[in-house]
Amino acid sequence: MKLTLVDKPIDEISADFEVILVVDKNLEHKFIKDSDKFELLNYKGDTNLLLLESKRLYIGIKKLESDQIRKALASAYNTLKVYNITNFKVASYLGECTTKSYMALAEGLYLGSYEFNKYKSEKKKYTLKEIFISSSEFSGKTINLQKAQNGLKFGKIIADATNYAKDGVNEIPEIYTPQKMASEAEILAAGYDSVECEIYDEEFLQEQNMNAFLAVNRSSVHPPRLIHLVYKPDGEAKKRVVFVGKGLTYDSGGLSLKPSDYMLTMKCDKSGALAAMGIIKGAAELELPFEIHAVIGATENMIGGNSYKPDDVLISRSGVTIEVRNTDAEGRLVLADCLSWAQELKPDLLIDMATLTGACVVGLGEFTIGLLGNNEEFKLEYKKVTKASGELMSVLEFNDYLRELIKSNIADVSNTASSRYGGTTTAGLFLDKFIKDEYKDRWLHLDIAGPAYLEKAWGYNQIGATGAGVRANLYYLYNLAKES
Ligand code: BES
Ligand code: ZN
Ligand code: ZN
C-alpha cells in the first residue's frame, strides 16, 4: 500500500473516496461538506459516518493527538477496504508536532492494515492500494513538506518493524522454533550492511555456564539458541543500547504444567525476542546514531523425562544459585543468564522485554506494559518520552518487603515468590538479582505479557500479536537521537 503526500488543496485531488476527521465534535470545520445531513442521520461527530452516495467517510476523534490519528487512519482503511475502490484522500490534521503527526498517520495505516493470513486457503484481496494526503491543513497551518515526508517515512519504518515482530509472534510454534528464530535473525542481518548476527548453540551455553537457560531447554526436542544481533551506525556511536528479549517459542509450563486454557496462546512467549529483532530492523532503517544490540534467549519450555524440576537448584552464569519452585516461572531463568551475558557488552542502557507474568495482565489489564527498574527518574522519563508511540505504560516500584518474598531456604534466590501478590514486581526483583551494581540505574524491565498478544482486537491492533515494545523503544531512541 502506498501513502502519497500531495501538495494540493484537498478539493483538487481526485480520489475514489474522501475521509474527513471530526475533531472534538466540531461539526462545522472547513473540510466538512455534509452538515445538512447530520441532523437527519443523528450524527453527533463522535463515531464513524459512512456516506456511500457522496463517497465520504467521517471519523469522530476526541483530540488531535498521535494515537487518535493512528486509530482514525486504521479505522478509515478497514471501513473502506471492503469496497471496490482503489484510493481515498484525507487532509492533513496537525497535532502538537508536524513530524510526529505524519508518523502517526503512516503508523495508523500500516499497523491497521496488517493481516496474518498465511494459513487461510482463501486470502482476501482488496483493491484499495493508495492513500493521498493533501497538504491542506485542518487548522490553517502551512505544512513543512520536508518534515511531512520524513514523518511519513519514519512512521512507515516503525510500523514495518512492528509488523515484522507480529509476523514472527503469530507464526506457529511447530515452525517458529529456536533454530528458526536464529535463521530469521540471520536473514534480518543479511538485509542491512549495518547489522551483524552471531548465533550461539548449546555448547557455547555450556561453556558460559548458562545453566538456568539450559535447564529450561532440557526436555525440548529443539536445541536452544542465544541470538546476538548488532546494529552499528556509520561513524561513532553516541551510546550503546542493549535490548534483551525473552524468546520462549513455546511455554507449556514444563512439569508445573499450565492448564490447557492457559497454554493456548503461549506461542506469544517469544514476543520479547521479536520486539528486540523488530527494534534492530527499525534502528537500521532509521539509521539511528547508536550502537544497538539484541540479545535473545531462544528455547521452548516443554515437559518430559528429562525436564528440570521444582526442587532443583540451578547455578546461573553469574554464580547466583536459584531454587526452582515452579518450572512455569521459566522466563526469568532464561533472562537471568542472558542479562548476565548482556552486561559484558558494557551497555549505557539495558532494556529487557518479556511476556513474563500473568500477574501483570491481572494487575494492569491487557493494554498496558509494566515498567520496572531501580531508577525512578529513568522510568518516568521513559514513560513520558514513549507516550507518543501509543504504547501504554504503568510504572511499578520495587520495595524491600517484596524483595523478602523471593528468598530461598536452600539457594540464593527462589524463582517464585512466597506470596501470591505482587507477582510482576517480584519477577522484576528476581531479574534485579542478576544486574550488577554499575548497571542497576541503567536497566529497565518491560513486562509485555498484557499487550503482546490479543484475543480481542483493540485500537489499531488485530487479534494475535501486536509487536508490543517495538514502537515504544523506537520512539525512545528516536527522541534520544534528537537530544544527543
Ligand atoms: N509466559 C508466562 C507469562 C504469561 C502469562 C505471558 C500470560 C503472557 C500471558 C510465564 O512464563 C509464566 O508462566 N509465569 C507464571 C509465573 C508464576 C509461576 C510465578 C505466571 O505468571 O503464572
Ligand atoms: Zn511460564
Ligand atoms: Zn513464559
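The points below cover the zinc site and then ligand 1.

1. A word on conventions: residues are numbered from 1 along each chain as its sequence is written, and ligands are numbered from 1 in the order in which they are written. This is a predicted model, where local features need pLDDT of at least 70 and side-chain atom pairs count only at pLDDT 80 or more, and side-chain values use heavy atoms, without hydrogens and water.

2. Start with the zinc ion (ligand 3): Lys 246 (NZ), Asp 251 (OD), Asp 269 (OD) and Glu 330 (OE) coordinate this ion at 2.0 to 2.4 Å. Donors here are N, O and S atoms within 2.8 Å of the metal (3.2 Å for Na, K and Ca).

3. Asp 251 also coordinates the zinc ion (ligand 2), which is 3.2 Å from the zinc ion (ligand 3). Asp 269 sits in the loop between helix H8 (260-263) and helix H9 (271-286), and Glu 330 in the loop between strand S12 (321-323) and helix H10 (331-342), so the pair ties together parts 61 residues apart in sequence. Helices (H or I, at least four residues) and strands (E, at least two) are DSSP runs.

4. Are Asp 269 and Glu 330 buried or exposed? Asp 269 is buried, at 2% relative accessible area, and Glu 330 is buried too, at 0%; buried means under 20%, exposed over 50% (1.4 Å probe, protein chains only).

5. For ligand 1, an oxygen atom lies 2.7 Å from a side-chain N or O atom of Lys 258. An oxygen atom of ligand 1 is also 2.8 Å from a side-chain N or O atom of Asp 328.

Conventions: A polar contact is a pair of N or O atoms within 3.5 Å; within protein, one must be able to donate a hydrogen and the other to accept it, and residues adjacent in sequence count only if both atoms are side-chain atoms.
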